[in-house]
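Colleague: I have the file open and would like to learn how to read it. Can we begin with the contacts?

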There are 2 protein chains.
Amino acid sequence: MDSTVARERALDAAERLFYSRSVHAVGMADVRDASGVSLKRLYQLFPAKEQLVEAYLERRDRRWRQRLAAYADRYAEPERRVVAVFDWLGEWFAEPEFHGCAWINAYGELGATSELVARQVRRHKAAFKEYLTGLVREAGLERELAEELFLLAEGAMVTAGITRSPEPAAHARRAAVRAIEAGRASARAAAGRG
Amino acid sequence: MDSTVARERALDAAERLFYSRSVHAVGMADVRDASGVSLKRLYQLFPAKEQLVEAYLERRDRRWRQRLAAYADRYAEPERRVVAVFDWLGEWFAEPEFHGCAWINAYGELGATSELVARQVRRHKAAFKEYLTGLVREAGLERELAEELFLLAEGAMVTAGITRSPEPAAHARRAAVRAIEAGRASARAAAGRG
DNA sequence: CACCGTAGAGAATGATGGTTCTCCCCGGTA
DNA sequence: TACCGGGGAGAACCATCATTCTCTACGGTG
């Protein structure tokens with residue numbers, strides 16, 4: 001088995017297991033059993049479990065943001081793209097494997113003890129906020145709105161995870177639409193004054 | 001040492017340690033060392049670590065909601081009390097021991113493996129939402145607003161924990177004020193129509 | 001065919017940590 | 001004083017891993 005193939009398989013198994021059961025509940029032997037990659041190889045690819053966790057979070061981050069962007073990009077209208085973020089959250093929450101936000105979960109579990117993990121989580125959340133900020137800017141909405149939408153999205157993720165329900169996405173979406181409308185009005189007012 | 005005293009001391013130590021370092025990073029021996037309560041006594045009071053965690057979350061829930069309510073109650077005006085929730089979050093986030101929301105953290109760590117913990121977390125979040133809903137009702141604002149404010153508060157908690165900054169409280173507060181004003185306007189409009 | 005490096009299976013190692021057990025002391029009681 | 005029960009200190013026990021090591025097989029190469 002090629003080294004890159006082994007790496008992908010290991011990460012596939014790690015992601016499935018860590019995400020659904022949490023990190024401390026999954027042993028390296030579980031990852032081996034689920035991936036077919038021997039312990040020896042696992043330790044060649046990742047010097048320690050912590051690095052496997054780091055790699056899992058990093059790859060998931062890349063894919064997660066790609067999926068989100070691909071979804072939002074289906075809309076040409078910039079403002080619609082902002083709302084699409086919440087539509088996408090709703091689809092994500094409704095997936096049968098959904099188990100909350102992987103980064104929020106990892107932070108709760110390991111943020112206090114692993115700087116590597118804490119950094120991955122901060123990076124991911126910063127990137128997501130950055131993405132939202134870009135959408136808001138392109139839609140010509142006030143910058144502060146991004147902060148608010150970010151908090152709504154985070155609140156929806158954490159609540160959907162805890163309650164095992166996709167409902168929070170709809171609530172967040174409604175709130176987002178109202179905030180956007182309010183922001184649009186005040187942006188127009190500012191333009192009128194300026 | 002009285003049994004109730006031992007219980008309180010054990011919970012004091014457990015709370016301090018579990019909250020700051022996470023549950024799996026703290027052993028029963030650590031709790032013994034920090035509390036002065038022997039292992040034998042600890043296991044008399046709590047049949048297993050899981051129950052100690054449960055009791056920690058439960059006592060913290062009672063105190064947390066009491067502190068919040070006491071803070072908000074200083075304001076006579078119902079609508080002001082709603083906003084006070086976010087003021088209080090800001091004070092909480094700024095405490096030096098602040099380390100995110102204990103329940104969100106616990107859920108990320110143990111939600112998938114401990115039904116006892118998962119239940120405590122759901123109970124706590126439901127109670128907090130219930131509290132917000134009550135405040136919103138008393139202020140004569142539309143019911144749906146509570147959902148939105150809840151998501152903002154959750155988003156602020158999780159973000160403040162991850163970024164180690166009290167800033168999200170201010171952002172959430174601003175968003176809350178705007179949402180309340182919008183809600184007030186639409187409530188008046190509905191009253192006018194009704 | 002003989003050699004070699006890599007890989008896998010799975011046991012060994014070592015640490016950690018939840019839970020229990022032993023042994024001893026002390027305070028209360030007849 | 002002799003007895004007794006609860007309590008503490010800390011070792012013991014046991015399971016669970018993360019990580020490493022051993023042994024064996026195999027595919028490529030001269």
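Colleague: Which atom of DNA strand D does a polar side-chain atom of B:Ser38 lie 3.2 Å from?

Modeller: The general idea is this: a polar contact is a pair of N or O atoms within 3.5 Å; within protein, one must be able to donate a hydrogen and the other to accept it, and residues adjacent in sequence count only if both atoms are side-chain atoms. Here, a polar side-chain atom of B:Ser38 lies 3.2 Å from a phosphate oxygen of DNA strand D. A:Lys49 also places a polar side-chain atom 2.5 Å from a phosphate oxygen of DNA strand D.

Colleague: What should I know about the model and the numbering?

Modeller: This is a predicted model, where local features need pLDDT of at least 70, side-chain atom pairs count only at pLDDT 80 or more, and totals for chains, interfaces and linings use all residues. Residues are numbered from 1 along each chain as its sequence is written, chains are lettered from A and ligands numbered from 1 in the order in which they are written, and side-chain values use heavy atoms, with hydrogens and water left out.

Colleague: Which residues surround DNA strand D?

Modeller: A residue is near a strand if one of its heavy atoms lies within 4 Å of it. Chain A brings A:Val26, A:Gly27, A:Met28, A:Leu39, A:Tyr43, A:Ala48 and A:Lys49. Chain B brings B:Ser38, B:Lys40, B:Arg41 and B:Gln44. Of the atoms of DNA strand D that come within 4 Å of the protein, 65% belong to sugar and phosphate.

Colleague: How do I sort that surface by class?

Modeller: Ala, Val, Leu, Ile, Met, Phe, Trp, Tyr, Cys and Pro count as nonpolar, Asp, Glu, Lys and Arg as charged, and the others, Gly among them, as polar. The surface near DNA strand D then has five nonpolar, three polar and three charged residues.

Colleague: Which helix gives the most to the surface near DNA strand D?

Modeller: Helices (H or I, at least four residues) and strands (E, at least two) are DSSP runs, numbered from the N terminus. Helix 3 of chain B gives the most to the surface near DNA strand D, with three residues. Helix 3 (39-45) of chain A and helix 3 (39-45) of chain B each supply at least two residues there.

Colleague: And what surrounds DNA strand C?

Modeller: From chain A come A:Ser38, A:Lys40, A:Arg41 and A:Gln44. From chain B come B:Val26, B:Gly27, B:Met28, B:Leu39, B:Tyr43, B:Ala48 and B:Lys49. Sugar and phosphate make up 67% of the atoms of DNA strand C that come within 4 Å of the protein. Helix 3 of chain A gives the most to this surface, with three residues. By class, the surface near DNA strand C has five nonpolar, three polar and three charged residues.

Colleague: Which polar contacts reach a phosphate oxygen of DNA strand C?

Modeller: An N or O atom in the side chain of A:Arg41 is 3.5 Å from a phosphate oxygen. A backbone N or O atom of B:Met28 lies 2.6 Å from a phosphate oxygen. For B:Lys49, a polar side-chain atom lies 2.6 Å from a phosphate oxygen.

Colleague: Now the fold. How many helices and strands does chain A have?

Modeller: Chain A has nine helices and zero strands. Its C-alpha trace spans about 65 × 30 × 30 Å along its principal axes.

Colleague: How do I read a helix pair?

Modeller: Axes are lines fitted to C-alpha atoms, for helices over the stretch in contact, and angles run from 0 to 180 degrees between N-to-C directions. Angles under 35 degrees count as roughly parallel, over 145 as roughly antiparallel, 65 to 115 as roughly perpendicular and the rest as oblique. Take helix 4 (residues 49-72) and helix 6 (residues 102-110) of chain A: they pack at about 160°, with axes 11 Å apart. Helix 4 and helix 6 of chain A are therefore roughly antiparallel to each other.

Colleague: Which residues meet in that pair?

Modeller: Contact means heavy atoms within 4.5 Å. In chain A, A:Val53, A:Tyr56, A:Leu57, A:Arg60, A:Asp61 and A:Trp64 of helix 4 meet A:Ala102, A:Trp103, A:Ala106 and A:Leu110 of helix 6. This contact has eight nonpolar, no polar and two charged residues.

Colleague: What about helix 1 and helix 2 of chain A?

Modeller: The axes of helix 1 (residues 3-21) and helix 2 (residues 28-35) of chain A come within 8 Å and cross at roughly 125°. Helix 1 and helix 2 of chain A are therefore oblique to each other.
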